[in-house]
Amino acid sequence: MSYIARRLIFYVVAAWVALTANFFIPRLVPGNAVEAIMSKFPELSPATYKALEAMLGVGHPAGLWSQYVSYLDDVAHFNFGIDVSQYPAHVSTLLGETIPWTLTLVGTATVIAFFLGTGLGILAGWRHGGWADRALPGLMFIQAIPYFFLALILIEVLAVKLHVFPIGSGYAGGLVPGWNWAFIGSAIYHSLLPAFTIVITSVAGWMLQMRNVMITTIGEDYVLAGQAKGLTNRRVVFTYAARNALLPQLQGFGLALGFVVSGAIIMEIVFSYPGIGLLLVNAVTSNDYPLTEAIFLVITFAVLLANLIVDLVLVFIDPRVRTREATA
Amino acid sequence: MTAVLPVSTSPEIVAEGRQEIGHWRRLPLKAKAGIVLLGLFVLVAIIGPLVTPYDPSYQNPSLNLSMHAPDAAHLLGTTSSGQDVLSQLLVGIRLTMELAFIVGVVATVLSVAVGVCAATFGGLWDELLTLVANVFLVIPALPLLIVLLGYLSQHGQWPTILVLSALGWPWGAKVIRAQTLAIRNRDFIAAAREAGESSWRIIAFEIIPNEYSLIAANFVNTVLYAIGTSVALAFIGVADLSSWSLGTILYWAQSQQALTLGAWWWFVPPGLAVALIGTSLVLLNTGIDELVNPRLRDAARANRIAGRTLRPADPTPVLADLQPRRSPVGAFLHSFSRSSLADGNEASR
């Protein structure tokens with residue numbers, strides 16, 4: 001069985017753990033979640049009451065096992081039920097509206113931060129003690145500042161005082177989302193500051209890790225051999241040292257995705273960006289359990305999928321693994 | 001996050017490092033700065049709540065004390081409902097530090113227990129524990145925390161502590177497991193085993209003392225994670241909002257538009273406090289790293305010999321003996337982990 005197939009099975013197990021946790025959490029907490037929802041949203045119909053009871057397992061006659069099976073069945077069909085705070089919207093519709101926002105902005109910003117940080121890390125590691133290396137403590141201080149705090153200060157200075165950027169939200173008020181230039185331009189303009197804050201807060205982490213791996217890689221004999229052959233510095237740095245130092249960095253990328261998601265959620269709160277993180281927090285604070293659980297699952301699955309992609313890339317860029325995969 | 005693996009694992013270096021810890025003057029500058037800064041905040045956390053000028057929750061009804069700028073009576077000004085910001089800050093630092101240190105201790109104990117047990121007992125236990133840790137690592141923590149605390153947050157500080165600890169151990173466990181695997185095949189462990197020492201004695205007196213620096217780094221990292229996450233959770237409103245922590249102060253400041261209304265004294269001090277505590281921990285951690293792995297030290301000084309800049313050219317420290325013998329079931333479980341990617345590489349070298 002190939003490496004990728006085995007990883008796939010691992011992610012299926014992880015997804016099952018997340019699904020099961022999601023199933024049991026509302027059943028284990030004290031208090032009647034359905035009553036809490038119904039008292040908060042009196043306009044809900046009795047049918048919804050029944051559906052909620054079934055979903056959250058409150059006062060339900062069916063056994064735990066059959067509840068579990070029907071829950072898995074619902075998830076498999078993307079049937080996340082009906083939302084209670086924006087009744088009668090379907091949860092999956094709400095998800096479809098918010099996911100593209102998050103994916104575009106956070107995806108782009110993360111990729112930029114990764115490449116920028118890795119590049120600076122190569123530089124800092126190669127010129128150990130050079131300017132990029134000396135900038136690190138400053139970058140680490142920026143990283144220690146809580147993200148939302150930094151972002152709010154930047155909004156205050158750049159948006160409220162200097163009017164360089166808009167204050168928040170995904171696009172200018174009055175525009176209708178659609179594929180026209182006015183809307184897309186406005187959306188890009190509104191995404192600049194959030195993207196910038198994500199990049200400057202996450203770049204130091206990538207940089208530090210790449211620098212440390214570079215420093216160890218540069219000590220390897222094959223780097224010395226490359227220099228002894230008289231290769232240009234650039235070739236030694238990128239083709240010899242950086243390419244090998246990149247493997248741990250990419251593995252770290254998979255693990256760091258959880259933190260990226262966390263950062264994205266906070267970012268959306270601060271900028272009231274119409275993405276899935278804002279939806280999640282609004283759902284939690286208004287006791288909208290069906291929506292909360294659906295979002296948790298979607299985010300988890302997205303991270304698992306991204307990790308799988310990282311695995312594919314790892315196999316692709318490491319020739320040793322590639323040949324092993326080919327022969328296996 | 002800045003979870004940096006100290007790569008050097010030879011016990012000689014670790015022992016040398018441990019000796020140096022006693023010598024304040026020989027500590028890296030970063031570690032010194034971190035210790036002083038952190039000590040300051042620990043001091044504030046201990047005596048702060050005893051010297052608060054006002055009750056942090058007392059709402060002064062006087063109208064001109066609403067969002068009042070700092071003056072002699074209120075050194076850091078007041079909130080929109082006339083509460084004293086300095087008092088809130090002093091109580092908040094205590095609560096946040098308390099939470100972070102408890103989480104740090106609990107999660108580190110879990111990490112050490114899981115990591116050391118997995119590596120020393122090996123076999124199926126190892127593979128199972130690693131699998132569990134990997135699953136925990138790959139599930140994004142903050143959404144899970146939000147979902148869990150969404151149900152539990154009205155029950156005070158303890159749910160947050162419990163949930164943060166429960167989700168905070170896997171990374172440290174993996175690092176400590178790797179280190180234990182590197183140590184356990186060394187001669188002094190074999191000698192202890194030959195001398196008839198029990199497994200528990202070997203773990204407690206031979207293995208763990210050799211991992212103090214790693215455990216310390218792990219503790220610092222976990223405290224950092226706990227502070228960052230708990231403040232972020234409180235800021236988005238998923239916490240017990242009736243108590244004063246740095247996060248809840250920021251939550252109320254933000255929900256009352258403190259920054260937009262120009263009340264910087266309400267918003268900046270708690271944020272700065274979090275940033276400074278975080279920086280002190282990062283500095284401490286980098287200091288520990290440099291102590292243990294001299295190669296990461298300030299290279300401008302370390303590499304310059306007789307005015308010439310030298311590149312470090314000594315062989316890379318590698319995690320030796322990382323390929324434990326596996327039972328068929330163990331090997332099967334291991335093949336699902338990302339680290340199995342490196343197996344063939346080591347063999348083909």
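In this predicted model, the axes of helix 3 (residues 85–121) of chain B and helix 6 (residues 158–168) of chain B come within 9 Å and cross at roughly 40°. Because an angle of that kind is neither roughly parallel nor roughly perpendicular, helix 3 of chain B counts as oblique to helix 6 of chain B.

**Helix 3 and helix 6 of chain B**

- The crossing in which helix 3 of chain B passes helix 6 of chain B is right-handed.
- On the side of helix 3 of chain B, the contact is made by Leu99(B), Ile102(B), Val103(B), Val106(B) and Ala107(B), while helix 6 of chain B contributes Thr160(B), Ile161(B), Leu164(B), Ser165(B) and Gly168(B).

**Helix 12 of chain A**

- Helix 12 of chain A spans residues 276–285, and eight of its ten residues are buried, so the helix is largely enclosed by the rest of the structure.
- The buried residues of helix 12 of chain A are Ile276(A), Gly277(A), Leu278(A), Leu279(A), Leu280(A), Val281(A), Ala283(A) and Val284(A).
- These buried residues pack against helix 5 (91–126), helix 11 and helix 13 (289–317) of chain A, and also against helix 5 (141–152) of chain B.
- Just after helix 12 of chain A, Asn287(A) takes a positive phi of about 55°.

**The largest nonpolar core**

- The largest nonpolar core holds 168 residues, among which Met214(A), Ile295(A) and Leu145(B) touch the most other members.
- Helix 11 (residues 233–270) of chain A supplies the largest share of this core, with 18 residues.

**Confidence**

- The model as a whole scores ipTM 0.79 and pTM 0.76.
- Chain B averages a pLDDT of 74, and 72% of the residues score at least 70.
- Within chain B, confidence is highest in helix 3 of chain B, at a mean of 87, and lowest in strand 2 (residues 308–309) of chain B, at a mean of 40.
- Over residues 1–21 of chain B the pLDDT is below 50, and beyond near neighbours in sequence this stretch has 46 contacts in the model.
- Residues 345–349 of chain B also have a pLDDT below 50, and this stretch has three contacts in the model beyond near neighbours in sequence.

Conventions
Residues are numbered from 1 along each chain as its sequence is written. Chains are lettered from A and ligands numbered from 1 in the order in which they are written. This is a predicted model: local features need pLDDT of at least 70, side-chain atom pairs count only at pLDDT 80 or more; totals for chains, interfaces and linings use all residues. A nonpolar core is a set of buried Ala, Val, Leu, Ile, Met, Phe, Trp, Tyr and Cys residues joined through C-beta atoms within 7 Å. A residue is buried if 20 or more other C-beta atoms lie within 10 Å of its own, exposed if 12 or fewer, and partly exposed in between; C-beta atoms are placed from the backbone. Helices (H or I, at least four residues) and strands (E, at least two) are DSSP runs, numbered from the N terminus. pLDDT is the predictor's confidence in each residue, from 0 to 100. Two residues are in contact if their C-beta atoms, placed from the backbone, lie within 7 Å. Axes are lines fitted to C-alpha atoms, for helices over the stretch in contact, and angles run from 0 to 180 degrees between N-to-C directions. Angles under 35 degrees count as roughly parallel, over 145 as roughly antiparallel, 65 to 115 as roughly perpendicular and the rest as oblique. A crossing is left-handed if the near helix is turned anticlockwise from the far one by less than a right angle, and right-handed if clockwise.
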